Amino acid sequence: MVASLGRPPGGALTKFVAPEILLGMGALSEIGFAVRRMGAVRPLLVSDPGVSDAGWADEALCHLRGVGLLPTVWTGLTPNPKDVEVHAGFTVYQEHECDVLVVVGGGSCIDAAKGIAILASNGGRILDYEGVDKVVRPIPPIVAAPSTAGTASDLSQFAVFTDTARHAKVTLIGHALVPDISITDPRLLMTMPSWLTGTTGLDALTHGIEAFVSRASSCLTDDYALSAISLVHRHLLMSLEQPDSVEHRLGMARASMSAGLAFSNALLGATHAISHQLGGALDLPHGMLNAVLLPHVIRYNAEAVPDRFLRVATALGLDTDRISSTEAGEAAAAAVTELATCLGVPRRLRDIDVRREWLPSFAETALQDACITTNPRPVTREHVLALLEAAF
């Protein structure tokens, strides 16, 4: 995460963390060599049934075996990875004496691999590490090949898990959680179902916007955040209209990467803090929840940082020569709503079976989420409840 180290002439010092990145058509073929460079012999390949059915896990296995590695496959997880699933995966990792985590899958797979790696070197329960920099011992290497364009867990120092006892999501943040190597092959994105293309793309958009207005944003993160917003604007709808288009799938891969590099270092805000609560309780798609909440959070935050949202509106393709900074937040919020509607995302929480009587509880727990601390405008329980009511 970005750390302010003082304010010398020219501005505050910042720190930027990122993995080694491989990007391009056919990049998955490099996964065996990448793991070998980690000095590993027995990788645990983490994937999910959908990715396996598409053939990507088998292709990765061929590349791993082709360089003499002895992989074990584990696919025992669901969307929004659960604490119990992470512990089950760790048991497999131990039983097969694995020494590296390899991931071919979406954000749930990558987060699960991070959880397994944490337990492998730090022990205990995965929920023990909720918060910032709670992982104190180095974790086994992680090589991740994302199959979606949105979560950017392959680049970030974030991991999110569902606490099955409390029906809530917990967020882990720390440099130790940044994977060693990210391998992005746009071919993998072409087998996503359309709803997943849409919701993960909206997640990338939310990452870009929240990172750009974050209290921890910097000159090192701003360009990535704005690039992510612009790339989503240009390529998300087109990647649905032309699902086999290399240009648009590569554009969304770049959007996810840019957003990931931005938010991993600038962190996030109230949209994610609130959506984590609903996602943990209701097991709903994360990107969809972000899209429902984001316009309302934009309006709230625009009162504090209107000039930042003028640049967000520009990145969203709006003609900002005709609007003032005080109007930019509303314009950006409307643009996000229009995009989400075009993608078929519900506009209201009540449309996805959220009950009004649950909102006070979500407002309370959102304040405990680490993402709330870098929201550009201070947030109280009453503010969060008002945002939930506005989205209801």
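Author: Start with one residue. Leaving aside neighbours within four places in sequence, L236 is in contact with T197, G198, G201, L202, L231, M252, L339 and L343. This is a predicted model, where local features need pLDDT of at least 70 and side-chain atom pairs count only at pLDDT 80 or more, while totals for chains, interfaces and linings use all residues. Residues are numbered from 1 along each chain as its sequence is written, and side-chain values use heavy atoms, with hydrogens and water left out.

Reader: What makes a pair a contact?

Author: Heavy atoms within 4.5 Å.

Reader: How far apart are the C-alpha atoms of L236 and G201?

Author: They are separated by 6.4 Å. Along the chain, L236 and G201 are 35 residues apart.

Reader: Why is L236 called buried?

Author: Buried means under 20% relative accessible area, with exposed over 50% and partly exposed in between (1.4 Å probe, protein chains only). L236 has 0% relative accessibility, so L236 counts as buried.

Reader: How many of the protein's residues count as buried?

Author: Of the 392 residues, 58% do.

Reader: What does the radius of gyration say about the protein?

Author: The radius is taken over C-alpha atoms, and the globule rule is 2.2 Å times the number of residues to the power 0.38. For 392 residues, a compact globule would have a radius near 21 Å. The protein has 20 Å, so the value agrees.

Reader: What box do the C-alpha atoms fill?

Author: Roughly 60 × 50 × 45 Å, taken along the principal axes.
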